[in-house]
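Here is a short note on one fold, for a first reading. Please keep the structure open while you go through the points.

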Amino acid sequence: RLPGDAPMDSRLAEECEFVREVPMSTAAPFGRRLQRQQRMVTAVITGRPSSVSAIFSKRFARIVRDIAVQWQPDITQIEHDALGYCLPPLEGVDTSAVLVCHEPGLGAARDLVSVTRGRRRFAHRVDAAAWRRYWKRTLPHADAVVTFTGTDAEALSESVRTTPVVQIPLGIELPPEPSNPIGSSPPT
């Protein structure tokens, strides 16, 4: 949880076996812009995409492992590929690890490469390469990866052939045209 964020909804917490909130650090002593630039540069060295570096925490990964050891769940579900760094610490723990990838980071990085120019385009190319390295290092530690579209499943399968990637389609029918972002009259 970020400083200043509200705690978990108490009604939801009551339904859970247990809840452990982990505070996130937001320190940016030299400013957010410089911090983003630093993450892009270090992606080459660490193999961590910038969005992973923004939330990366050895402490959080250790807490995930400690909870899995203590609670002994049959399945540990990690949400979002940016948290894939929590998969390797689960090695040796008697749990099946499933990563749910809502929107693969590599796809977003590729999209940004296609709409930017100059240094920004180069930075997004570096980020895309970091995503590929990151996936190769983290996804083999999952017992399965879940996506919601065939395109996402294909992108992940291309990068990591040793981990089963399963598409679970959305449970609703998508309209042929996207909704109008400014709305329409009458409201529907």
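**Notes on the sheet and its helices**

1. Begin with a pair of strands. E2 and strand E3 (residues 144-147) run parallel, joined by 3 bridges. Leu99 stands opposite Val145 in E3. Strands here are DSSP E runs of at least two residues, helices are H or I runs of at least four residues, and both are numbered from the N terminus.

2. A word on the source. This is a predicted model, where local features need pLDDT of at least 70, side-chain atom pairs count only at pLDDT 80 or more, and totals for chains, interfaces and linings use all residues. Residues are numbered from 1 along each chain as its sequence is written, and side-chain values use heavy atoms, with hydrogens and water left out.

3. Now the other neighbour of E2. Strand E1 (residues 75-79) runs parallel to E2, with 5 bridges between them. Glu79 has Val100 in E2 as its bridge partner.

4. Next, the whole sheet. It is open, has 4 strands in the order E1-E2-E3-E4, and its pairing is parallel. Two strands pair if DSSP finds at least two bridges between them. E1 and strand E4 (165-167) are the edge strands, each pairing on one side only.

5. How enclosed is strand E2 (residues 96-100)? It is largely enclosed by the rest of the structure, because 4 of its 5 residues are buried. Buried means under 20% relative accessible area, with a 1.4 Å probe and protein chains only.

6. Last, a helix contact. Arg132, Trp135 and Lys136 in H6 meet Ala155, Leu156 and Ser159 in H7. Contact means heavy atoms within 4.5 Å.

Methods:
Buried < 20%, exposed > 50% of the residue type's maximum accessible area, 1.4 Å probe, protein only.
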